[in-house]
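Me: Please go through the structure shown below with me, one question at a time.

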Amino acid sequence: MREVERASRERGLRLTPLRHQVLDLIARARKPVKAYDLLDSLRDTHAGAAPPTVYRALDFLLEHGFIHKLESINAFVFCEHPGEAHQVPFLICDKCEGATELCDDGAVAGLIEKRAGSLGFRAKAQTLEVHGVCRDCRSG
Ligand SMILES: [Zn+2]
Ligand SMILES: [Zn+2]
């Protein structure tokens, strides 16, 4: 969280209390979080938290690379290195729903962008989600 606060300050972003709280909930969850779970948790403290408000907060956090969206399970995870926006492959466990950022310095994303470019395709967003079973679940 401290890294996020620093990054926001440096970039002059406004981390409103609601955005801060949404981020905090995602950061503290050990699994990817769905929007309606966030809404449930927020209603305890923000009585008037409506879905559009939460979605706007999520959009803000996504846009600035503080969280990632996992399209295949429609959930959000905290970014482990929120220095700058980036695209990384994710490993998603189908048993425990844990998600791990596959940190590769953008090697895979770069390769896809290059191959897409060679076909004249201009890539804007990439979603790379690898499903399987994690080490803990395999040995369990
Ligand atoms: Zn990340
Ligand atoms: Zn697992």
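Me: How many Å separate the centres of domain 1 and domain 2?
Reply: This is a predicted model, in which local features need pLDDT of at least 70 and side-chain atom pairs count only at pLDDT 80 or more, while totals for chains, interfaces and linings use all residues. Residues are numbered from 1 along each chain as its sequence is written, and chains are lettered from A and ligands numbered from 1 in the order in which they are written. Domain 1 covers 1-82 and domain 2 covers 86-140, with bounds from an automatic or database domain assignment. Taken over C-alpha atoms, the distance between their centres is 21 Å.

Me: How many residues of domain 1 are in contact with domain 2?
Reply: Contact requires C-beta atoms, placed from the backbone, within 7 Å. Domain 2 contributes nine residues to these contacts, and the number from domain 1 is nine.

Me: Which residues of α4 are buried?
Reply: A residue is buried if 20 or more other C-beta atoms lie within 10 Å of its own, exposed if 12 or fewer, and partly exposed in between, with C-beta atoms placed from the backbone. The face of α4 turned away from its buried side carries the exposed P52, D59 and E63. The buried residues pack against α2, α3, β1 and β2; they are A57, L58 and L61.

Methods: Helices (H or I, at least four residues) and strands (E, at least two) are DSSP runs, numbered from the N terminus. Two residues are in contact if their C-beta atoms, placed from the backbone, lie within 7 Å.
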